[in-house]
Amino acid sequence: MSTQGAAATPSEPPPAPTGPPPKVTHRGRTAAPADFSNSESSDIPEFELFGAPGPRGLPPLTEFLDIWDVDMIRERTDSNKRLHNTMLYNNDNLIVRRGQEFKIKITFNRSYKPAEDKFAAEFVIGSSPHYSKGTYIPVFPTSERQSAWAGRVVETSDNIVTMAITPAATCIVGKYHMYIAVVTPYGIRRTRRDKSRDLYILFNPWAADDAVYMDDEEERDECVMAEAGIIYHGFHDDVAERNWNYGQFNYGILDACLYVMDRSEMPITNRGDPIKVARKASAMLDARDDDGVLRGNWSGDYTNGVAPTSWTGSTDILLSYVRTKQPVSYAQCWVYAGVFNTFLRCLGIPSRVVTNFNSAHDNDGNLRSDIILDDNGRVDRGRTRDTIWNYHCWNECYMSRPDLPPGFGGWQVVDATPQETSDGLYRCGPASVQAIKHGQICFPYDAPFVFAEVNSDVVFYSRRKDGTMDLVKVNTSHIGRMVLTKSIGEFTRRDITEQYKFPEGTAEERTVLEKAEEYGCKREKSSPPPADVELVLPTLEVSVGDDFEMTLQFVNNSDENRTVDAYVSGSVMYYTGVTSSDFLFRTPSVAIGPRATVKEVVMIESKQYLKHLVEQANLNFIVTGKVKETNQIVTSMKVVTLHNPQLTIEVTGSHRVNEEMVAVLEFKNPFNFSLEDVYIRMEGPGLMRPKMKYFSLILEGSYVHWTEYFTPERTGTTRLIATLDCPALRQVSGQLSVTIKA
């Protein structure tokens, strides 16, 4: 029976497929897959025919030029690594910098005849090399034929040809494979793939044509070649040092930095642009979006990881990331900055770690950090949401900015600590330091956020019972109090605040703030008249476990009697400004005669705060008071950073390269309680690879001695760095400068 013309009847659709979805490929969208990997490579044929061979196949090719050997001149003491300032890299392959000539020696089967023989050095990077994309570069020895990379023959001796090659100053940075190709009438024959002929090409701050060129020799040496660094922390009037081993030349670190870019799926073709490299790395150093290098943790619970205060350098972190393919736990801002500095210096981008004291965390586009008081002058913690970090560490990298108007190149802020998203990812920068100083916050990238970190005002409001807010005080100088970095060539600090902002109260500063307002930054313009009573808190140096006195000084600047009902609150605080717990509350009433000063002493006992301490041991005191006669409110804040005991390190031996020495580390537990689960770490650039010891228990009053043998690898002055860390005591450190002779 025919079914022609019958109507189709609907039926139930088939069930949805189960299992994982099919892998999405480039098919139908691009002709070839995107090239994201420096570690992958394509096979280059050893013989590339010009056409189909005849019926008898290829004739013998013995009469044509053939390659017997290629010498990359890659030893540390050879001219290539010395002239390219790469002799410190612990890597057997050739490492050179772009925009600068290097040499190779090619041994042929006979003497090279320039008029007859045609050969080229071919450089390949990535899995899908193309000439037009700069991922396949042939370099020719004759002036008649040149490519983006210059080539020339500098010497011939019998059958050995020395060829000089100059990579373009804008070429891709990464690991290249090199082949020597010879042209015959029948096709091109090449050397086989040989890992010993792989070479790394880095950014070149010594080359004027490179975007990262830095002409100050001493600063360049510090910001590219120095391995030992200091990261500053604490408070602006009580600055502490954290030593850090960047270790950018250590074994495996260069490959680890290239792996970070591979994991980020950064296109190979973008890896010659330092702006794109720095921006991509600022996202990839953090794990929140893309399983990057470091997992942040500010909670105080570091189970299944390493406490941020325990790290001594970047080496273990980067090598662990490569080995496990998983984010490394845990980090806070200085760890992000230390590892980011290693990444940048390793690839050849001049960089330094910078610390901003009293750093505002601004997430709503204004230039205010608001502190809310109740109508009695006491801090309303439930409504005070803005935070001021005691300090925040970020990086600066040095590069030209062709995407910005002239004058905004040089130092650029980049920050890997996850704070706010930028274009959908947790990252920050590069933002021109010059643009930040001059209020030009319209320029990419993330300049408004950085501008607020150093320029916000602290604004105190009094909240009435009906919910209305009265402006009490505007402190315009508290935020961005000081910006520090390590000095050039010395283990001392350098104040670079003037590079970020003009002096407080100057006409230039007012102009900058007005310019920033034009681009959308809002600030509190009104300022109430100051109270005629002034409140001053002292600067204190206190060690963990000490009892101490806090002296409040009330100054009456009027000709009448004044009475202040004061509120004194003390809390344990994370360095990010977040309160952990309150341990003190006093309500003194102070009577002050005309033009007089009265001191009120508050006693703080260690038993009040010890059990509440979090790492970095910050005590935050906020004193507010209401003047009875005028209803004016006075306020003052002070952060007291408690000082921890120190580790001591001594070394003995010849202080000579390749001769064994001994380091002895000592620590005494000064407390009346035992320390449990104690980890001690020690390392030093050019001296000692990272070492670690575990002590399950250190009794009260007892000593720890650790003896470690090491063999210095090179001359110069460097440092041994050590930390001690346990749940009851964080951020204990020690360091020793060591000078090694030849």
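Helix 2 (217–225), strand 12 (228–235), strand 16 (351–361) and strand 25 (482–486) each give at least two residues to the lining of the largest cavity. Helices (H or I, at least four residues) and strands (E, at least two) are DSSP runs, numbered from the N terminus. The model is predicted: local features need pLDDT of at least 70, side-chain atom pairs count only at pLDDT 80 or more, and totals for chains, interfaces and linings use all residues. Residues are numbered from 1 along each chain as its sequence is written, and side-chain values use heavy atoms, leaving out hydrogens and water.

## Exercise 1: The cavity

Describe the largest cavity and its lining.

Step 1. A cavity is a set of points, on a 1 Å grid over the protein atoms alone, where a 1.4 Å probe fits but cannot get out; lining residues have an atom within 4 Å of a point.

Step 2. Count. There are 7 cavities of 30 Å³ or more.

Step 3. Take the volume. The largest cavity has about 90 Å³. Grid points are joined across faces, edges and corners, and the volume is the space filled by probe spheres set on the points.

Step 4. Find the lining. Among its residues are Glu222, Cys223, Tyr246, Arg345, Lys486 and Arg494.

Step 5. Sort the lining. It holds 5 nonpolar, 2 polar and 5 charged residues. Here Ala, Val, Leu, Ile, Met, Phe, Trp, Tyr, Cys and Pro are nonpolar, Asp, Glu, Lys and Arg are charged, and the others, Gly among them, are polar.

## Exercise 2: Two helices

How do helix 3 (residues 253–263) and helix 5 (residues 315–324) cross?

Step 1. Take the axes, which are lines fitted to C-alpha atoms over the stretch in contact, with angles from 0 to 180 degrees between N-to-C directions. The two axes come within 9 Å and cross at roughly 55°.

Step 2. Name the angle. Helix 3 is therefore oblique to helix 5 (under 35 degrees is roughly parallel, over 145 roughly antiparallel, 65 to 115 roughly perpendicular, the rest oblique).

Step 3. The crossing is left-handed: the near helix is turned anticlockwise from the far one by less than a right angle.

## Exercise 3: Backbone details

Locate the cis peptide bonds at Tyr330 and Tyr445, then the positive phi values of Glu265 and Asp291.

Step 1. Ser329 and Tyr330 are joined by a cis bond with omega of about 5°. Tyr330 sits in strand 15 (residues 328–331).

Step 2. The bond from Pro444 to Tyr445 is cis, omega near 5°. Tyr445 lies in the loop between helix 7 (433–437) and helix 8 (447–455).

Step 3. Glu265 is not a glycine, yet its phi is positive, about 55°. It is in the loop between helix 3 and helix 4 (274–284).

Step 4. Asp291 has a positive phi near 50°. Its place is the loop between helix 4 and strand 14 (294–296).

Definitions and conventions: On a 1 Å grid over the protein atoms alone, a cavity is a set of points where a 1.4 Å probe fits but cannot get out, and a pocket is an open set with protein on both sides within 12 Å along at least five of seven lines; lining residues have an atom within 4 Å of a point.
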